[in-house]
Amino acid sequence: LRKVNLMMQQFSHIQRMLNQNPSDSRLQMQHGLILARKCVYDCALLEPDVVNATLRFISLTMGVLVHLAGGTESLDDPKITIELPRTPNETWRAVPQHFVDDTFDLLIYIGRERGHLLDSVSMDSVMDFLVLFLTHPTYIRSPHLRAKFGELLFSVFLPNSNQSKNPLAKPSVQCALLLSTHDLACTCCCV
């Protein structure tokens with residue numbers, strides 16, 4: 001995804017230069033090449049079966065991370081304990097936070113580009129993770145990652161039709177409803 005983001009920055013730069021000098025054939029060729037590459041990346045990353053498998057993996061990963069932090073008694077336990085120890089345990093401290101960062105990047109990308117594909121898998125474990133760790137700031141050390149929590153909430157759970165310039169981008173109905181119907185979210189956010 002970082003390659004896609006860098007490519008889109010380069011695309012925007014070339015597009016601005018092309019607007020200033022529309023007759024530059026070199027810029028037109030670069031513009032076409034980057035646009036073609038973006039289409040290939042989108043086709044590969046946003047293929048529905050790939051997204052479905054990725055979302056199932058993310059759901060499992062979020063459940064495991066909640067368990068590692070002490071939010072559940074066992075991996076099979078669906079009941080989340082909202083009270084975590086004041087300081088993170090050794091197991092949680094050993095988890096590289098870039099796992100969460102990369103996972104959030106992917107969810108944000110899917111939410112912005114093809115949000116309706118998020119409806120194929122239950123996002124309850126993602127919401128559990130968001131609520132649990134937003135209410136326990138000592139568990140997420142990076143302020144940039146904490147900011148990404150907000151970006152994920154905005155892009156995935158509070159989508160609107162004006163968020164993306166892509167005509168194929170449709171928001172997730174399930175995720176929009178989940179914020180107002182999820183037990184843990186309602187308990188922690190509506191108090």
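Helix H3 passes helix H6 in a left-handed crossing, meaning that the near helix is turned anticlockwise from the far one by less than a right angle. Helices here are DSSP runs (H or I, at least four residues), numbered from the N terminus. This is a predicted model: local features need pLDDT of at least 70, side-chain atom pairs count only at pLDDT 80 or more, and totals for chains, interfaces and linings use all residues. Residues are numbered from 1 along each chain as its sequence is written, and side-chain values use heavy atoms, with hydrogens and water left out.

The axes of H3 and H6 come within 8 Å and cross at roughly 35 degrees. Axes are lines fitted to C-alpha atoms over the stretch in contact, with angles from 0 to 180 degrees between N-to-C directions. Contact means heavy atoms within 4.5 Å.

| Helix | Residues in the contact |
|---|---|
| H3 | Ile58, Ser59, Met62, Gly63, Leu65, Val66, Ala69 |
| H6 | Ser125, Val126, Phe129, Leu132, Phe133 |

Gln97 lies in helix H5, residues 97–114. Is Gln97 buried or exposed? At 13% relative accessibility, Gln97 counts as buried. Buried means under 20% relative accessible area, exposed over 50%, partly exposed in between (1.4 Å probe, protein chains only). The side chain of Gln97 reaches the backbone nitrogen of Arg141 at 3.5 Å. Beyond its neighbours within four places in sequence, Gln97 touches Tyr139, Ile140, Arg141, Ser142 and Leu145.

Now the whole chain. The chain has 9 helices and 0 strands. Of its 191 residues, 38% are buried.

Methods. Helix = DSSP H or I, 4+ residues; strand = E, 2+ residues; numbered from the N terminus. Polar contact = N/O pair within 3.5 Å; in protein donor to acceptor, adjacent residues only side chain to side chain.
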